[in-house]
Amino acid sequence: MASLKLRSARPARRDERRPPGFWPLAILFTLFVAFLYGPTLTIFVLSFQGPQGGLTFPMRGWSLHWFAQLAEGLGTVDVWAALRRSLALGAVVMALTVVLSVLAGLAFRKRLRGGSALFFVTVASLIMPSIVVSLGIGLQFRLLDDGVRALLAAWGLEAALEGYTTLMGLYTSALGAHLTWTLPFGLLIMFAVFNRFNPAYEEAARDLGATPWQSFKHVLLPLIGPSVVGVGLFGFTLSWDEIARTSQAIGDVNTLPLELQGLTTTVTTPAIYALGTLTTLLSLAVIALALGALALLRRQRAAAGRRHG
C-alpha cells in the first residue's frame, strides 16, 4: 500500500526527447556566440604573448611585455591622454543623456503642442548615416568659425583674431555629435518607462502633503531608478566606442577609438591587442558598476517595502 502511494506521488515522466529542430538551432546559437565573442577572446589571449609574439597564432610565450610597452607609449601617440579624453567625454555625455532623457520623459507625460514632431526629429538621427551627421556638424562649426572671424575682424580685434583657432572641440562639436547618438536611446527608454508608470503613487504623495520636488525625489525617482541607471550605461558605452560621428567633429584632438583606429595602420605588434584588452576591461568595469547600482537600488526598495509593509 505504501509503495502504491509513493508511486502515485511521483510526477509523471515527461517525454524528454528533443524536438527535431533543437539541435540545428543549438548549433546556430553556438556559432553566433562564437562569432560574437570569439574576436574579443582572441585579442585578449594574443595580448599576453611574449616579446617575440606576433599578431597571429601560434602563441610565442606568455608575458605582460606588451602591456609594459603600452604603458611606455606607442610612438608619437599619447594613448593615455586619449583615454582620459574619452573617459571625460563619456562621463559628460552620460550625465547629459540621463538629465535630458528624464526631463523629456517628464515633459512628454502631458500633451505638448508639436511634441510628436519634436520626438520624430530627435529619433531621426538614429536612421541618418553616422558619417553624414559628423560631416554636417563639422560643416556647421566651420561656418560658425567663419562668422566669429568676420565679427572679430569687423570689431578690429586683431590680437583675438590671430589667436583664434576654432569652436570645434571635445565639449562642443564632439559632445553634440555624441548626444545625437545617445539621446534617442535615452528618450526611447524613458518614454517606455513613463508610459507604463502608474501616476497614483504621485497622487498619493501629493495627498499626504508632499511638494512636487519631494514627490519626485522620494516616490518617482526610486521607482524609475533602474531605468535611469540603464540610460546612463547606454550613454557612456555608446560614447566610449563612437568613431564615425566623432571623426569629422572632434577638432584637433582625438578620442581613444580614433587613436586606436589610426594605430591599426602603424602598430604591427601585440601592443595594440593590449590596448584593446584594456579598453574592453574598462567597458566591463562600467557595466559591473551599473549592475551593482541596480542591485543596490533593488535592495533599498525591498528594505523600504519591508519597513512600510
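Helix axes here are lines fitted to C-alpha atoms over the stretch in contact, and angles run from 0 to 180 degrees between N-to-C directions. On that basis, the axes of helix α9 (residues 200-207) and α10 come within 10 Å and cross at roughly 160 degrees. Angles over 145 degrees count as roughly antiparallel, so α9 is roughly antiparallel to α10. The model is predicted. Aromatic pairs are a second topic: the structure holds twelve of them.

**Helix packing: α9 and α10**

- The crossing of α9 past α10 is right-handed.
- On the α9 side, the contact is made by Y201, E202 and A205.
- On the α10 side, S215, V219, L220 and L223 make the contact.

**Helix packing: α6 and α8**

- Helix α6 (residues 130-154) packs with helix α8 (residues 173-195) at an angle of about 150 degrees.
- The axes of α6 and α8 are 10 Å apart.
- α6 passes α8 in a crossing that is right-handed.
- From α6, the residues V133, I137 and F141 take part.
- They meet S173, G176, A177 and T180 in α8.
- G136 is also placed in helix α6.
- G136 has a relative accessibility of 38%, so it counts as partly exposed.
- Along the chain, G136 and A177 are 41 residues apart. Their C-alpha atoms are separated by 9.7 Å.

**Aromatic pairs**

- Among the twelve aromatic pairs is the one formed by F22 and W23, whose ring centres are 4.9 Å apart.
- The planes of F22 and W23 stand at 80 degrees, so this pair is edge-to-face. The cut-off for that class is over 60 degrees.
- F22 is partly exposed because its relative accessibility is 29%.
- W23 is exposed, with a relative accessible area of 54%.
- F236 and W240 form a stacked pair, because their planes lie at 15 degrees with ring centres 5.9 Å apart. Stacked requires planes under 30 degrees apart.
- F236 and W240 lie four residues apart in helix α10 (residues 212-240), so about one helical turn separates them.
- Both F236 and W240 are buried.
- A cluster of F108, F119, F120 and F191 is linked by ring pairs.

**Charge over a ring**

- The ring of F22 also has a charge over it: the charged end of R18.
- That charged end sits 4.5 Å from the centre of the F22 ring.

- P58 is placed in the loop between α2 (22-46) and α3 (65-72).

- T182 belongs to helix α8.
- T182 is buried because its relative accessibility is 1%. The limit for buried is under 20%.
- Neighbours within four places in sequence aside, T182 is in contact with V93, T97, G235, L238 and S239.
- G225 is located in helix α10.
- G225 has a relative accessibility of 8%, so it counts as buried.
- G225 and L74 are 151 residues apart in sequence. From C-alpha to C-alpha, G225 and L74 are 41 Å apart in space.

Terms used:
Residues are numbered from 1 along each chain as its sequence is written. This is a predicted model: local features need pLDDT of at least 70, side-chain atom pairs count only at pLDDT 80 or more; totals for chains, interfaces and linings use all residues. Side-chain values use heavy atoms; hydrogens and water are left out. Rings of Phe, Tyr and Trp (its six-membered ring) pair if their centres lie within 6.5 Å; planes under 30 degrees apart count as stacked, over 60 as edge-to-face and the rest as tilted. Buried means under 20% relative accessible area, exposed over 50%, partly exposed in between (1.4 Å probe, protein chains only). Helices (H or I, at least four residues) and strands (E, at least two) are DSSP runs, numbered from the N terminus. A charge sits over a ring if NZ of Lys or CZ of Arg is within 6 Å of the ring centre and within 35 degrees of the ring normal. Angles under 35 degrees count as roughly parallel, over 145 as roughly antiparallel, 65 to 115 as roughly perpendicular and the rest as oblique. A crossing is left-handed if the near helix is turned anticlockwise from the far one by less than a right angle, and right-handed if clockwise. Contact means heavy atoms within 4.5 Å.
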